[in-house]
Amino acid sequence: MVLNSQLEEDCPSNSEQNSANAGDAVEIDEEENQLESKAEGGWLLEKATLLYEQDKLGQVKALLESVDPDILEEKHHAMRRRAEEAEKLVKDMKAKPEGGSWVDQGISRGKFPTRILYRLEEGENKVELRARCETPIKKDLLESLFCVLNETELYKTWLPSFNVPRFKITECRKLKQIGRVSQILIVVMELPWPMATREVVISAAAFDDIEENGHIGIKMKNIESKDDETVPEATSKTVRVDMDGGFLFEACPKDHPALQYVNKEEDDEHMLVTFTALINPNMKVLPQSFLNFIVKTALGTCWKILLQIAQDVKDGKKPDHTSAMARKRDELYDYIKERVEAMLATLKSVDKIGA
């Protein structure tokens with residue numbers, strides 16, 4: 001009897017055995033769920049990487065936010081940061097620049113009616129200039145405009161120079177091509193005496209949010225040698241400029257103030273092209289005369305020339321751009337044409353829904 005009693009104590013009961021089995025089953029289920037979650041997360045990361053290569057940053061951000069943050073690598077965090085930068089740019093550019101310290105220079109008339117605004121943002125030992133250009137354009141000008149912006153090697157053929165005061169782009173060189181349409185370039189500017197020559201190294205990264213929000217954009221910001229191996233170290237001969245901004249291409253709001261000055265005889269559908277830039281020229285004081293020249297002459301002149309060059313490319317009057325488009329047709333410009341058509345199709349569908 002004592003032996004049997006001891007055996008009963010040593011052997012687990014049926015209920016205890018069932019509980020142990022159930023616990024093992026739960027652990028197995030949890031492990032299987034973790035494996036499934038990791039497998040699903042890995043698939044989502046692969047999809048996010050593919051979308052990132054297509055510059056679809058809105059979708060990339062949504063996917064990365066849906067996976068377990070513990071499985072994210074540094075490259076995924078970098079992708080998310082770029083998506084957040086593009087998101088912030090769009091938010092800033094869609095906000096109406098009214099009131100506050102904005103100086104609205106009104107609407108310049110002509111072939112490309114344009115609204116130009118600016119404001120100074122002063123801090124300790126620095127002053128920054130924030131400028132903004134807005135122009136409604138015909139939808140069939142988009143592809144040519146993208147070509148002019150993308151062909152950075154040809155900037156020297158059309159960017160203007162000024163003698164009084166002296167303001168000249170002495171160098172504009174592509175340092176690196178990233179994907180289809182993103183680039184790193186260096187721009188060197190000669191300024192009037194006694195100001196030193198300025199240079200800026202710009203990362204220009206495209207983003208395509210057509211399916212989600214109906215727009216395309218280009219995020220631009222200055223970078224340093226620590227950010228990319230192609231960026232040269234700064235020298236004592238020039239002063240590096242800080243810059244943050246970009247372009248946005250979207251349907252032109254019906255109430256945009258420049259739209260009333262557009263010739264609507266041939267085409268009633270217009271896109272709005274907006275450019276914004278926050279520039280720190282690394283000067284303790286920005287001379288008022290030079291500020292007036294930049295915002296009242298140089299900015300508007302460069303902007304109008306950019307749009308006119310795009311029109312000339314469309315009309316076949318710029319053989320260098322035409323040749324570049326032909327060489328890169330398969331790898332780039334067929335893709336750009338397809339995305340422009342997709343954006344216009346999206347706008348048409350929105351118009352039908354709203355009709």
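First, my criterion: I count a salt bridge when a side-chain nitrogen of Lys or Arg is within 4 Å of a carboxyl oxygen of Asp or Glu. This is a predicted model, so I noted the limits: local features need pLDDT of at least 70, side-chain atom pairs count only at pLDDT 80 or more, and totals for chains, interfaces and linings use all residues. Residues are numbered from 1 along each chain as its sequence is written, and side-chain values use heavy atoms, with hydrogens and water left out.

**Entry: the count.** I looked up how many salt bridges the structure holds. The answer is 31.

**Entry: K221 and E85.** I found these two side chains paired in a salt bridge, N to O at 2.8 Å. K221 sits in strand β7 (residues 215–222) and E85 in helix α4 (residues 74–94), so the bridge ties together parts 136 residues apart in sequence. For the element names I rely on DSSP runs, helices being H or I with at least four residues and strands E with at least two, numbered from the N terminus. Then I asked about burial, where buried means under 20% relative accessible area, exposed over 50%, and partly exposed in between (1.4 Å probe, protein chains only). K221 comes out partly exposed at 26%, and E85 is partly exposed too, at 24%.

**Entry: E153 and K174.** Here I have another salt bridge, 3.3 Å from N to O. E153 is in the loop between α5 (142–150) and β4 (168–178), while K174 is in strand β4, so I logged a link between distant parts of the chain, 21 residues apart. I get 34% relative accessible area for E153, partly exposed, and 24% for K174, also partly exposed.

**Entry: D228 and K176.** Is D228 buried or exposed? I have it as buried, at 11% relative accessible area. Its salt-bridge partner K176 has the closest N and O atoms 2.9 Å away. D228 lies in the loop between β7 and β8 (239–240) and K176 in strand β4, so this pair ties together parts 52 residues apart in sequence. K176 is partly exposed at 25%.

**Entry: a network.** I also traced salt bridges that share partners, and they join K61, E65, R80, E84 and E87 into one network.

**Entry: V285.** V285 counts as exposed, at 63% relative accessibility. I also checked V285 against E128: they are 157 residues apart along the chain, with their C-alpha atoms separated by 9.7 Å.
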